[in-house]
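Subject: Structure for you to look at

Hello,

Here is the structure I said I would pass on. Please open it first, then read the notes below beside it.

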Amino acid sequence: MKSSTLSSTLKAVCMGLAMMLGTLTPAAAANVNQLDMEMDGNIIADSLNPAPNDWADMYTVTGGIGIPKTSPPTNFFAPTFSRDFDPNSNKDSTTFTTGSKDTLNIGGGGWQCVGSNNVNDKTDVLNAYAVAYKNPGDGHIIIYFAMEVASNEGTKDVGFWFLKDGTVGCTAGTKATNFSGNHQDGDLLIVSEYTKGGGVSTIKAFRWNGGANGSLDVNNPVVTGADCKNTTGTICATVNSKALKAGTDIPWLTKAKQSNPSEPGLTAADLDTGMFFEGGIDLTANNLSSCFSLFMADTRSSATPNSTLFDFTVGDFKLCGIRAEKTCGQATVDSDAVSFISPFTIKIYSTGAGAVNNVQFKETDALTGESCQIVSVNGDTSKAGPLTANTFVKVADTLDSSAPVTVAISCDGSKNSFNNSIAVTAGSAAGGSDLSTSATVGDTGANACKAAPNSVLDVVKDCAGMRLVVNGSNPLTLATDVKIKVSNSGNEAVDGLLVSDTKVKAADLKPVLCSDYKTAATAPTQLKPGDQACWAGSYVPTAADVPSGPSNAKFSDTATATATGVLSGVSRTASDDATCYLCDLDVDGVPDVLEIPTN
């Protein structure tokens, strides 16, 4: 009884733990053969499969070749198509030499190519293609790949490399020629084996670790799968189980060898059973990089990384990329009125299916005379800080295609907006910088963003009264007092301020405080917006000022101010007149003639 009770208790505890652990398990990735891409062993979408797209939807056909659509179906990226045959010849310039191995680095003789006058039908690659897909349900990146081969005889072994180094390639000569380029960390090899009757028996993915001196982990495939028609998962492949006919089932040209056709009437333009292979792998679910530059399809002696390699074809497959924009905002005159504030906005986009890493930029111009700051990154002001020319600043750890990273910049200095450039880098892997682009604010853009500095001088001239003063041998002399106020109502400071009066001698025109027009002050040479400066002075009228008798005497003069805008460099002039009356004509409500004690 005790043993039975204990056993029951342990079972209950184990079941409870299993349920708890189940709740902690991440949601399973979607099956690659149950998304928006048909994986049913043919090229054209049909009503028998619920997926809306197939290979023919990724390309237009010109001259018998699949041309990747610039706007592929929704959520599909970077379709690529590579033909590996000459319709009018049996020659093939892309075959491996004996000794080339997947386990070796690409460059330095590890991989070599050579031309062939007649490739073996069993190993001849005809067309190969690939496309990336971003699952809107979980954001995973899936790549689909396919190959057409010339013969369906015997067991077939195929491989697909997805390479980061965009310089990988080989121009074959009459002798063995080394490939250019090298392996990079995260390169992906997929190998598969199938027969025309039995379908795909296995498909495996292997990761290259390290760079040119790295290695392929041949003993530990990242993921293993089987035929998509019989299984589900994050990797699978399948082949055509019936012949595909030119035009009806194949939209582009192919060149098969029909040595033992499964049905009568098949031509070189048709693909018999087992001549078409397709597969798919969820990169994200298997923690694989989704940034590649090239796609290579090959035939091989076995579905192992150590097998002998035969024919190959290479196509562009840029899953990751970056694009940058830099624009200027409307510049303004700084609050100091002697410099400009020039705002700029940088937007950096991920242009491929995969996310990029380590996104950073630098200003490539000297920024002489400017103090520039990062104001915000995606609106986050906590990332604000100084910006130094030719020094990279990291603005994002990762960046996908859903939205750009936006950087706001403000420069304060002597330049009124200005053309300038940035360099941007990102990595296909964490910490990398193998992707690059640039952006420039040109003359047209900078000119459109320039501020409009403007200085406006205002002069107010008033009569301060008249006085009888002792003037040398003349016991009584009439003096006319004037006061002048100069202000700047523009948005820039002015330099070189000079004030003059048509009747007051320069020596008699004194700078004073505007509060009382009496206390001496220092004449400013610069006047900022909103500032004002005042002068007071007097002059002795002459007979010319009394043309019709003393009772109607009035004395007029003009004050003039000149200065130059600090930012605009434009010279400004303003003036004002004032009239003083000898007798009180109630013009200003106070007597114009005042007796001023001489002691």
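A residue is called buried if its relative accessible area is under 20%, exposed if that area is over 50%, and partly exposed in between, using a 1.4 Å probe and protein chains only. The model is predicted, so to speak of local features a pLDDT of at least 70 is needed, side-chain atom pairs count only at pLDDT 80 or more, and totals for chains, interfaces and linings use all residues. Residues are numbered from 1 along each chain as its sequence is written, and side-chain values use heavy atoms, with hydrogens and water left out.

Aromatic rings

Rings of Phe, Tyr and Trp (the six-membered ring of Trp) pair if their centres lie within 6.5 Å; planes under 30 degrees apart are stacked, over 60 edge-to-face, and the rest tilted. The count by this rule is 25 aromatic pairs. One of them is Phe96 with Phe312, a tilted pair with 4.7 Å from centre to centre and 45 degrees between the planes. Helices (H or I, at least four residues) and strands (E, at least two) are DSSP runs, numbered from the N terminus. Phe96 lies in strand S4 (residues 92-96) and Phe312 in strand S17 (residues 309-316), so this pair ties together parts that are 216 residues apart in sequence. Both Phe96 and Phe312 are buried.

Phe312 also pairs with Phe179: the ring centres are 5.3 Å apart and the planes are at 50 degrees, so this pair is tilted. Here too distant parts of the chain are linked, since Phe179 is in the loop between strand S9 (177-178) and strand S10 (188-195), 133 residues from Phe312. Is Phe179 buried or exposed? Phe179 counts as buried because its relative accessibility is 4%. For Phe312 the relative accessible area is 2%, so Phe312 is buried.

There is also an aromatic cluster, made up of Phe145, Phe160, Phe162, Tyr194, Phe277, Phe292, Phe295 and Phe317.

A charge sits over a ring if NZ of Lys or CZ of Arg is within 6 Å of the ring centre and within 35 degrees of the ring normal. The charged end of Arg323 does this over Tyr349, 4.1 Å from the ring centre. Lys483 lies over the face of Tyr517, with 5.0 Å to the ring centre.

Nonpolar cores

A nonpolar core is a set of buried Ala, Val, Leu, Ile, Met, Phe, Trp, Tyr and Cys residues joined through side-chain atoms within 4.5 Å. The largest one has 61 residues, and Trp55, Phe162 and Ile281 have the most contacts inside it. Another core, of 32 residues, lies apart from that one and includes Phe361, Cys372, Ile374 and Val405.

A sheet of four strands

Two strands pair if DSSP finds at least two bridges between them. An open sheet is formed by 4 strands in the order S32-S30-S34-S35, with antiparallel pairing.

Strand S30 (residues 494-501) is joined to strand S34 (residues 554-565) by 6 bridges, and Asp501 has Ala559 of S34 as its bridge partner. Between S34 and strand S35 (residues 571-581) there are 11 bridges. Ala561 stands opposite Ala574 in S35, and Thr558 has Asp577 of S35 as its bridge partner. S34 and S35 form a hairpin with 5 residues between them, and Gly569 in the turn has a positive phi of about 75 degrees.

Single residues

Most residues other than glycine have a negative phi. Ala337 has a positive phi, near 65 degrees. Ala337 is in the loop between strand S19 (332-333) and strand S20 (340-350), and it counts as buried at 2% relative accessibility. Asn378 also has a positive phi, of about 55 degrees, without being a glycine; Asn378 lies in the loop between strand S22 (370-377) and strand S23 (385-387).

Asn357 is in strand S21 (residues 356-363) and is buried, at 15% relative accessibility. Contact means heavy atoms within 4.5 Å. Leaving aside neighbours within four places in sequence, Asn357 has contacts that include Asp397, Thr398 and Ala426.

Regards
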